[in-house]
Amino acid sequence: MQAEEDTLEKDTYEVELEIKNSEGLHMRPAMMFVDAANRFESEINVSNGDTNVNGKSIMQISMLAATCGTKLKVTARGPDAREAVAALQKLVEEKHFDEPKPKKK
Amino acid sequence: MEIKKGIAVSPGISIAESLIIDSEDYRIPRRSISPSQRMLEIQRVRNAFGDAINELTRLESAQDQAESGKIKDIFAVHLRFLHDRSLRKKITDLIQSDMVTAEYAVSTVLREIASHFANVQDSYISERAADIYDIERRLLKQLLGKKREDVEHLKKEVVIVARELSPTQTAGFDRKYVKGIASDAGGRTSHAAIVARSLGIPAVVALEDLTEYTSGGDTVIVDGNRGIIIVNPDEQTIRQYEDYSKEFAELEHRLDAIRQKPAVTRDGTEITLLGNIEFPDEAEIVLERGGAGIGLYRTEFLYLNTESEPTEQDHYEAYEKTVHVFEDKPVVIRTLDLGADKYTQSKRFVPEPNPFLGLRSIRFCLQNLTMFKKQLRAILRVSVLGQVKIMFPLITNRQELMQAKMILHDVMEDLDEESIPYNRDIQVGIMIETPSAALTAYSLAHDVDFFSIGTNDLTQYTLAVDRSNELVSTLYSPADPAVLRLIRNVIQDAHKARLDLSVCGEMASEPEHIMLLLGLGIRTISIASPMIPEIKQVIRSVTIENCNKVARKVLGMDSERQISTYLRNAAREIIPEAF
């Protein structure tokens, strides 16, 4: 894994998340995901195994077309990587995107 | 150099740079730009994103949170896309690498994303393609909207090249700089055609795929006399056309001199030359060109210009403006003639399988009485201001005429009750434009004040030919013996009943048909304003005696080709410069 080489300089955290809401990562959840990701300084990458995309781009995230049950690997790299990964994990696996949408940045 | 053949709809020659107006309703054709134009196109993309974001933010904040959370969500998602740098980069990269226009890059990138979604099995996700198309349209609307504004603030002469032009678009044209019109779609009676004729701009339509062969800024020659468009002509062709254009301008200039002279034949028969108009502003042009009134005021523009149905006041104001220009001269207002056109059909819940034989024109009005009465009320109200006449289109039998007249009578009674003044003796006439009306003219004549022969529809219905269909359009000719027999029949019946009679179809604006029409007994002609001087010139060059001879000769012929050749030769002998 590329990111690991940089671990010495920057913190890299990684987590595997399963999409659990029935509608999958469609538009509104995708928006919540990128809004959450954009609140962190760290670089955030999301991979479904085939494709690796920028977690802050709604176009790229929604094009992953993650349906219910899809597993996504989220990698954050940067000063607040740990918090970013935790926040995204919470959004996807605990809240299932059902919270009211986050305040616009 | 690319030469394309279409239908000539408005005469004249022009050579200018092209300005292309794409439409967000159609696929945007791929058009190349020069390397130096890339920055400009990229800036256009940035501006379009910025403006689309502003527009969406306004829309979003206008939504009531409590009631329309879902809609607000949709706007919010679209906004995220518009803010997405990687999306913007994908578009500007395409402009950089492939040297294409902003419109093409936006459309290509977003459609690619949309098709990615559409191919996903999960329906929640595949339906998101609709969101992407929506974003595409919003961006294109910004890009094209700016282009359309450009058309209203031109600084140099251009030829407008478009897929199709709507009445609203053409209404905003700056006459000083728009030197020609060329469109992929359209026919002789399409809006682009009618507007071009009334403004006196050369135009060619039905060019099919011209917008794919032309890039903005290409030099384009519009030959509105022969229906030819030349893209990027070579030096020799340009020179040839400059000469041709000069000759044409000289002819026009000579015609200028006769504008204020009467339309009288050499042996002293007076002919009434009227104008056909579409928009109220054209009334002035008819007057300028020497028209003695309006023989056909089409009223469809009132319905085509706006999303909602026009109010009685909208009708009234449009008519008042025209009547005011002509004061004591006749203004014949034709009631709504919509139905078979693309516009109405696209608005129908289920399109008609055969619209030209369907619910169009007077039939449509008789089934939509509230709408019909609104228009009749407005016409009656302006009737006190001048010499206004009412004309019903597409009458096919007496019953229809009686129904229409009964409704007119109802409206009169309503006005009486409200003590609103109108001309009680307003003249009521009909268009003779179906074979059934032509064959029963003797009976229809009892119940009207005048006939006007609409040769376009009469020819189409008699010969069963759609002239905008290029596969059969060569069969379309008002000089066909079948059509001429019907016309003669109408003229005879009108004369017997001592009825006013005119011809308002395109046939009357073609110089080669004038001698025949006069010889058959026509004394009133209504045509598009740019043709008035030329037709007047023809009238002033002939004698009725000669016209009668031509008509007799033609009625004895049995083939369209023989008749057309004979008429062209006869006209060429008398007015060689018109051919």
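Let me start with where the two chains meet: 16 residues of chain A are in contact with 17 residues of chain B, where contact means that the C-beta atoms of two residues, placed from the backbone, lie within 7 Å. On the chain A side, helix H2 (27–37) and helix H3 (58–63) of chain A are the elements that give two or more residues. H3(A) gives the most to that side, with five residues. By class, the side of chain A that touches chain B has seven nonpolar, seven polar and two charged residues. Here Ala, Val, Leu, Ile, Met, Phe, Trp, Tyr, Cys and Pro count as nonpolar, Asp, Glu, Lys and Arg as charged, and the others, Gly among them, as polar.

Some ground rules. This is a predicted model, in which local features need pLDDT of at least 70 and side-chain atom pairs count only at pLDDT 80 or more, while totals for chains, interfaces and linings use all residues. Residues are numbered from 1 along each chain as its sequence is written, and chains are lettered from A and ligands numbered from 1 in the order in which they are written. Helices (H or I, at least four residues) and strands (E, at least two) are DSSP runs, numbered from the N terminus.

Now the sheet in chain A. It is an open sheet of four strands in the order S1-S4-S2-S3, with antiparallel pairing; two strands pair if DSSP finds at least two bridges between them. Strand S1 (12–18) and strand S3 (52–54) of chain A stand at the edges with a single partner strand each, so one side of each has no neighbour in the sheet. From one strand to the next, the twist averages 25 degrees. For angles, axes are lines fitted to C-alpha atoms, for helices over the stretch in contact, and the values run from 0 to 180 degrees between N-to-C directions. Within this sheet, strand S2 (residues 43–47) and strand S4 (residues 71–77) of chain A pair in the antiparallel sense over five bridges. One pair to look for is Asn45(A), whose bridge partner in S4(A) is Thr75(A).

On to chain B. Its secondary structure comes to 25 helices and 16 strands. Of its 579 residues, 45% count as buried; buried means that 20 or more other C-beta atoms lie within 10 Å of the residue's own, exposed means 12 or fewer, and partly exposed is in between, with C-beta atoms placed from the backbone. Among the contacts in chain B with a separation of 6 or more, residues 24 or more positions apart account for 68%.

Chain B has an open sheet of eight strands with mixed pairing, in the order S1-S8-S7-S3-S4-S5-S6-S2. Its edge strands are S1 (2–5) and S2 (7–10) of chain B, and each pairs on one side only. The twist here averages 30 degrees from one strand to the next. S2(B) pairs with strand S6 (residues 203–205) of chain B in the antiparallel sense, over three bridges, and Ser10(B) has Ala203(B) as its bridge partner in S6(B).

Two helices pack on this sheet. Helix H6 (residues 129–152) of chain B touches strand S3 (13–21) and strand S4 (158–162) of chain B, and its direction makes about 150 degrees with that of S3(B). Helix H8 (residues 191–199) of chain B touches S2, strand S5 (178–183) and S6 of chain B, at about 45 degrees to the direction of S2(B).

Next, a helix on the inside. In helix H22 (residues 511–520) of chain B, 10 of the 10 residues are buried, so H22(B) is largely enclosed by the rest of the structure. The cover over its buried residues includes helix H21 (481–496), strand S15 (500–503) and helix H23 (532–541) of chain B. Just after H22(B), Gly521(B) takes a positive phi of about 115 degrees.

Finally, two loop residues. Most residues other than glycine have a negative phi. Leu394(B), not a glycine, has a positive phi near 50 degrees, and is found in the loop between strand S12 (387–392) and helix H17 (398–417) of chain B. Arg498(B), also not a glycine, has a positive phi of about 50 degrees and lies in the loop between H21 and S15 of chain B. Which of them is buried and which exposed? Leu394(B) counts as buried because it has 25 C-beta neighbours inside 10 Å, whereas Arg498(B), with 8, counts as exposed.
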